Amino acid sequence: MREMRQARFGSLFATPMLEHMWADASALNPPLREAILRHAAQHPGSAQTNVGGWHSETGLLEFCGSAGEILVRHMREMTEEATRRLYASFDRPPERLDWSLSAWANVNRTGHYNTMHTHPGATWSGVYYVDDGNSDADAEPTAIELTDPNPARTAGFFPELSNTNILFPPVPGLMILFPSYVPHAVPPHRGDRPRISIAFNVRKEPFP
């Protein structure tokens, strides 16, 4: 047993992620909210992983004007920072990479939700929160749920120690970024206001 104290214990195959509260959120979110709700009233949206709710067309948030342009820049900054830290974790200098980016807005009203899914064909995926959809400050917000992408680990390896689901409450101004292979879902919204988020995919070119 004394000899075993010299053994090295660590973790393999960790899943990287980055979260950040943008300082300019209080200025960005009101025009984003107005533009998204106005656009949703004029366009039917599409059915993707959303059950109910509204999913905009993908693009660069052109319908959000200058606020959308700033947010897209934030998405690119987030991607560069996460990738820089990922390379550093492997003791490698960052490479100059080319990225393609697409974003879309989501509006979930009471009872609307998003089924569990991944984003194949992308490298990083992320979400930014515009409105948590709750008038009651004490109400529990409808959090996004990220699931361990390794089902073999969650099903059979010390399940009592496994944290298989990670919840991120929709705090206005929060942006999270994670690998696009990570399964995620949004449960039925319980708030009394529209829950508004902006999701995005970033793809390293050439892919993969």
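The model is predicted, and local features were considered only at pLDDT of at least 70, side-chain atom pairs only at pLDDT 80 or more, whereas totals for chains, interfaces and linings use all residues. Residues are numbered from 1 along each chain as its sequence is written, and side-chain values use heavy atoms, with hydrogens and water left out.

The largest nonpolar core comprises 34 residues; a nonpolar core is a set of buried Ala, Val, Leu, Ile, Met, Phe, Trp, Tyr and Cys residues joined through side-chain atoms within 4.5 Å. Buried denotes under 20% relative accessible area, exposed over 50%, and partly exposed the range in between (1.4 Å probe, protein chains only). Leu 32, Ile 36, Leu 61, Met 75, Tyr 128 and Ile 198 have the most contacts inside this core. Two or more residues each are given to this core by α1 (25-42), α2 (65-89), β4 (98-108), β6 (124-131), β9 (174-179) and β11 (195-205), and α2 provides the largest share, seven residues. Helices (H or I, at least four residues) and strands (E, at least two) are DSSP runs, numbered from the N terminus.

Contacts (heavy atoms within 4.5 Å) of Tyr 128 include Trp 22, Leu 32, Leu 71, Met 175 and Ile 198, when residues up to four places away in sequence are not counted. A second, separate core of 10 residues includes Val 127, Tyr 129, Ile 144 and Phe 168. Within helix α2 lies Thr 79, which is buried at a relative accessible area of 1%. With residues up to four places away in sequence not counted, Thr 79 touches Trp 99, Trp 124, Leu 177 and Val 202.

Leu 161 is located in the loop between α3 (151-156) and β8 (165-168) and is exposed, at 67% relative accessibility.

Positive phi values of about 60° occur at two non-glycine residues, Phe 13 and Leu 61. In the segment after β11, Pro 206 follows Glu 205 through a cis peptide bond with omega near -5°. Pro 208, also in the segment after β11, is joined to Phe 207 by a cis peptide bond with omega about 0°.
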